[in-house]
Amino acid sequence: MLELSPPLVLLSGPTGFGEYLKLVDPKYVGGVILKTVTLHPKKGNPTPRMADGDFYVINRIGLENPGIHAFIRQIPQLSIPTIASLGGDSFEEYLEVSRIFKEVSERFCGVEYNFSCPNVKEGGLSIVEDTNRWKNLLNEIRTILPNTFLIAKVGIEGVFVEKAAKIVVDSGWNGITLVNTVRGLHFERGHMILGGLSGPLLKPIALRAVYEVRKMYPDLFIIASGGVYSVKDAEEFLNVGANVVGVGSALFKNPEIVEEIGRYLLEVKG
Ligand SMILES: Cc1cc2nc3c(=O)[nH]c(=O)nc-3n(C[C@H](O)[C@H](O)[C@H](O)COP(=O)(O)O)c2cc1C
């Protein structure tokens with residue numbers, strides 16, 4: 001099992017490749033999940049890429065990243081446990097990126113696979129739709145990385161989280177991140193933004209997902225993702241069974257919240 005102290009991580013995306021850690025005392029953060037990396041570099045989507053709504057943030061970044069080869073040449077040296085995040089546009093790409101990642105896998109305490117990005121045309125969400133093929137993919141990745149702590153990040157679209165969790169466990173993976181953003185549509189000065197919803201609006205959905213999966217699997221490692229903006233939010237996720245609580249879009253709104261939550265968790269949870 002992965003022990004992170006405090007049980008608080010910075011989620012993939014908002015924290016980039018660890019830049020945010022320069023602004024926070026690392027003793028209050030248990031770990032960081034780097035931005036998703038794909039086989040080839042991605043420029044991401046044209047602007048606008050992010051907007052604020054009432055109780056949510058919507059983004060359509062489109063997985064901008066330098067690609068796995070450039071990433072490996074410049075792996076960030078961070079002072080806290082670091083989890084890589086990998087993604088792909090097809091089954092073959094997930095396998096290829098895993099094979100390349102293998103040579104550096106020991107520099108990370110785990111790897112999270114993004115199976116749920118709503119902002120790319122292929123891969124992303126659609127990868128989990130065909131559950132038989134997805135199960136095969138998880139098995140093949142497990143074979144490529146037999147000793148790595150593998151975490152699947154899923155959303156609530158494409159497949160029920162309960163079913164996704166069963167596939168993750170049956171494939172010998174170690175953990176699941178619940179949940180990724182949910183597809184949304186936002187009008188910004190008359191222009192439509194089609195993107196993924198984060199923030200407080202996502203919290204009840206993520207809480208329910210963690211609750212249901214924890215009931216099924218008492219030993220599965222669960223990272224909570226969705227609307228953690230306060231100490232109370234973090235507590236609620238731990239109460240329904242998350243091992244670790246993730247902070248994502250709150251970093252844009254109130255960067256101090258990470259230290260506040262981290263300090264509380266260290267004092268109360270040890
Ligand atoms: C600007 C932005 C970029 C994101 N990029 C990624 C990403 O590269 N990989 C990923 O797995 N999730 C990504 N996410 C999703 C977050 O990791 C997180 O799962 C989601 O925002 C829900 O958490 P929150 O409500 O605390 O923000 C991104 C979210 C935002 C807001």
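At what angle do helix α4 and helix α5 pack, and how far apart are their axes?

**Entry 1: ground rules**

I am working on a predicted model, in which local features need pLDDT of at least 70, side-chain atom pairs count only at pLDDT 80 or more, and totals for chains, interfaces and linings use all residues. I number residues from 1 along each chain as its sequence is written, and side-chain values use heavy atoms, with hydrogens and water left out. For the element names I rely on DSSP runs, numbered from the N terminus, with helices (H or I) of at least four residues and strands (E) of at least two.

**Entry 2: α4 and α5**

I looked up helix α4 (residues 161-170) against helix α5 (residues 203-216) and found that they pack at an angle of about 45°, with their axes 9 Å apart. The axes here are lines fitted to C-alpha atoms, for helices over the stretch in contact, and the angles run from 0 to 180 degrees between N-to-C directions. The two helices α4 and α5 are therefore oblique to each other, given that angles under 35 degrees count as roughly parallel, over 145 as roughly antiparallel, 65 to 115 as roughly perpendicular and the rest as oblique. I noted the crossing of α4 and α5 as right-handed; a crossing has that hand if the near helix is turned clockwise from the far one by less than a right angle, and is left-handed if anticlockwise. On the α4 side the contact is made by V161, E162 and A165, and on the α5 side by A209, E212, V213 and M216, where contact means heavy atoms within 4.5 Å. By class, I have five nonpolar, no polar and two charged residues in the contact of α4 with α5, with Ala, Val, Leu, Ile, Met, Phe, Trp, Tyr, Cys and Pro as nonpolar, Asp, Glu, Lys and Arg as charged, and the others, Gly among them, as polar.

**Entry 3: α6 and α8**

I then turned to helix α6 (residues 231-239) and helix α8 (residues 257-269), whose axes come within 9 Å and cross at roughly 50°. That angle makes α6 oblique to α8, and the crossing of α6 and α8 is right-handed. I listed V231, A234, E235 and L238 in α6 as meeting E260, I261, Y264, L265 and K269 in α8. The residues of this contact of α6 with α8 divide into six nonpolar, no polar and three charged.

Is I33 buried or exposed? I placed I33 in strand β2 (residues 31-37), and at 0% relative accessibility I33 counts as buried, the cut-offs being under 20% relative accessible area for buried, over 50% for exposed and partly exposed in between (1.4 Å probe, protein chains only). Not counting residues up to four places away in sequence, I33 touches V9, L10, L11, S12, T15, I83, S85, E112 and I223.

One of these, S12, took me to the loop between β1 (8-10) and β2. S12 counts as buried at 14% relative accessibility. I found that the side chain of S12 reaches the backbone oxygen of L34 at 2.8 Å, and that a polar atom of the S12 side chain lies 3.3 Å from the backbone nitrogen of T36. Leaving aside its neighbours within four places in sequence, S12 is in contact with I33, L34, K35, T36, S85, E112 and K153.

**Entry 4: S116**

What does the side chain of S116 make a polar contact with? Its partner is the side chain of N180, at 2.9 Å; a polar contact is a pair of N or O atoms within 3.5 Å, of which, within protein, one must be able to donate a hydrogen and the other to accept it, and residues adjacent in sequence count only if both atoms are side-chain atoms. I located S116 in the loop between β6 (110-114) and α3 (131-144), where S116 is buried, with a relative accessible area of 0%.

**Entry 5: backbone geometry**

I recorded a cis peptide bond from T47 to P48, with omega near 0°, and P48 is found in the loop between β2 and β3 (50-53). The peptide bond from L178 to V179 is also cis, with omega near 5°, and V179 is found in the loop between β8 (175-178) and β9 (182-188).

L63 has a positive phi of about 55° although it is not a glycine; I found L63 in the loop between β4 (56-59) and α1 (68-73), and at 8% relative accessibility L63 counts as buried. For R189, likewise a residue other than glycine, phi is positive, near 45°. R189 has its place in the loop between β9 and β10 (191-198), and R189 is exposed, with a relative accessible area of 76%.
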